[in-house]
Amino acid sequence: MRAGMAAAVARPVAPAAGYATLREIEGRLKSIRNIEKITKTMKVVASTKLTRAQKAMTTSRAYGQTSNKVFESAETKPLDNGNKTLLVVCSSDKGLCGGIHSGMSRKVRSILLDAPNADLAVIGEKCKAQLSRSNGKNFVLSFAGAGKDIPTFADASAIADQISLLPTDYASIKIIYNSFINAGSYEATIQEAYSQEAIMQSANYSAFEIEDEALPNLREYALANSLYWALAEGHACEQSARQNAMDNASKNAGDMINKFQILYNRTRQAVITGELVEIITGAAASEN
C-alpha cells in the first residue's frame, strides 16, 4: 500500500516537470532555427550587394586617385597654421556587420587624443552614436540616411557642399573611412582633403595655371571626389563584413541547434525512462 501510494503521488509530478523542460527546449530550438534562417538569408543578400558594391568601388577609385595624382604632382601638403582640423567620418546607419563601425570610432578617438580641439562631421548614425558619448562637444555636422544603397557622386557632392558651408576655416580636412583590402579584411584609413590655402601654397601650383576664381570649385570638387571614394569603399567593406558576420552567426546557430537537439533527446529519454519505472513500480505494488 505504501509503495503504491508513493508511486501514485510521484506519477503526476515527475512527468510534468520533464514535459515542461522538453517544451522549453523545443521552444528554444524553434527560435534558434528561425534565427538561422534569417542569418542565412541576410548572408545571401549581403553577398549579392557586395558584388554591386565592389563594382561601384572600382569606379569611385578613378575619381579619388585622379585627384590625388593632381595634388601629388603639385606637391600639396597640409598646412600647420594653427587653425582647426575637421575629421569627416564615413560610416552608415546600419548594423549587424561586426566591428566595422567600432573600429573606425577607435581610430577617430586615437586622433582626437593628439588633436582634442578637432571638429567632427559624421556620416551615418552608427559612429555618431558611438562618438557622441565620448566626444559630443566636437560635433559640428552629421548626416543620416547613409548606407541605404550604393553611394553616388551626387550624394558625395551634397555632403561636400554642406562641409564647404561650415563657417570655420580649417587648416586640414581628414576623411576617415574603411579601406577595402579583400573580402575578409578592411582597415580604417585617413584620406587628406586639402584646404584652398594649402592648394595655393603648393610648390608646383603655378604649373597648372588655375584661375583664382576656379580654385574654390576645384577644392570642392576634389573634396567630393575623395568623399565618393571613401563612401564607396566603406559601403563595400560594410557588405563584406555583414556577409562574414551572418556566416559566423549561421554557424553558431547550427552549433547551438546540435547541442540543444542532443539535450532534447537526452531529456526525452529520461522522461520516458522515468515513466516506465513508475509503471513497473505501480504494477509491482498492485501485485503485492
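Leaving aside its neighbours within four places in sequence, which residues is His101 in contact with? Select His101 and look around the side chain. The partners are Ser91, Ser92, Lys94, Lys126, Cys127 and Gln130, where contact means heavy atoms within 4.5 Å.

Before going on, some ground rules. This is a predicted model, in which local features need pLDDT of at least 70, side-chain atom pairs count only at pLDDT 80 or more, and totals for chains, interfaces and linings use all residues. Residues are numbered from 1 along each chain as its sequence is written, and side-chain values use heavy atoms, with hydrogens and water left out.

**Stop 1: His101 and helix α2**

Stay on His101. It lies in helix α2; helices (H or I, at least four residues) and strands (E, at least two) are DSSP runs numbered from the N terminus. His101 is buried, at a relative accessible area of 6%. Buried means under 20% relative accessible area, exposed over 50%, and partly exposed in between, with a 1.4 Å probe and protein chains only. The C-alpha atoms of His101 and Asp212 are separated by 39 Å, and the two residues are 111 apart along the chain.

Select all of α2, residues 100-114. The helix has 15 residues and reaches 23 Å from its first C-alpha to its last, close to the 21 Å expected at 1.5 Å a residue. The expected span is 1.5 Å times one less than the number of residues.

Colour the buried residues of α2: Ile100, His101, Met104, Ser105, Val108, Ile111 and Leu112. Seen down the axis of α2, these buried residues fall within an arc of 130°, so they line one face of the helix. The arc is that of the directions from the helix axis to the C-beta atoms. An α-helix has 3.6 residues a turn, so residues three or four places apart point the same way. Turn to the other side of α2, where Arg106, Leu113 and Asp114 are exposed.

What do the buried residues of α2 pack against? Show β1 (85-90), β2 (119-123), α3, β4 (172-182), β5 (185-193) and α6 (215-287).

**Stop 2: where α2 meets α3**

Axes are lines fitted to C-alpha atoms, for helices over the stretch in contact, and angles run from 0 to 180 degrees between N-to-C directions. The crossing is right-handed: the near helix is turned clockwise from the far one by less than a right angle.

Show the side chains at this contact. From α2 come His101, Ser102, Met104, Ser105, Val108, Arg109 and Leu112; from α3 come Lys126, Cys127, Gln130, Leu131, Ser134 and Asn135. By class, the contact has five nonpolar, six polar and two charged residues. Ala, Val, Leu, Ile, Met, Phe, Trp, Tyr, Cys and Pro count as nonpolar, Asp, Glu, Lys and Arg as charged, and the others, Gly among them, as polar.

Now take α3 by itself. Its buried residues are Cys127, Gln130, Leu131 and Asn135. Seen down the axis of α3, they fall within an arc of 100°, so they line one face of the helix. They pack against β1, α2, β2 and β3 (139-143).

**Stop 3: helix α4**

Select residues 153-164, helix α4. The 12 residues should span 16 Å at 1.5 Å a residue, and the end C-alpha atoms are 16 Å apart, which agrees. Ala156, Ile159, Ala160 and Ile163 are buried. They cover an arc of only 100° around the axis, which puts them on the same side of α4. Their cover includes β1, β2, β3, β4 and α6.

**Stop 4: Ile176**

Move to Ile176 in strand β4. Is Ile176 buried or exposed? Ile176 is buried, with a relative accessible area of 0%. Not counting residues up to four places away in sequence, Ile176 touches Leu87, Val88, Val89, Cys90, Met104, Lys107, Val108, Ile111, Thr189 and Ile190. Then find Gly282, 106 residues away in sequence and 75 Å away in space, C-alpha to C-alpha.

**Stop 5: Leu50**

Select Leu50 in helix α1. Leu50 is buried, at 7% relative accessible area. Beyond residues up to four places away in sequence, Leu50 touches Phe180, Ala236, Gln239, Ser240 and Gln243.

**Stop 6: two loop residues**

Finish with Glu75, in the loop between α1 (2-74) and β1. Its phi is near 60°, a positive value in a residue other than glycine. At 45% relative accessibility, Glu75 counts as partly exposed. Next is Leu96, in the loop between β1 and α2. Phi of Leu96 is near 55°, again positive in a residue other than glycine. Leu96 counts as exposed, at 57% relative accessibility.
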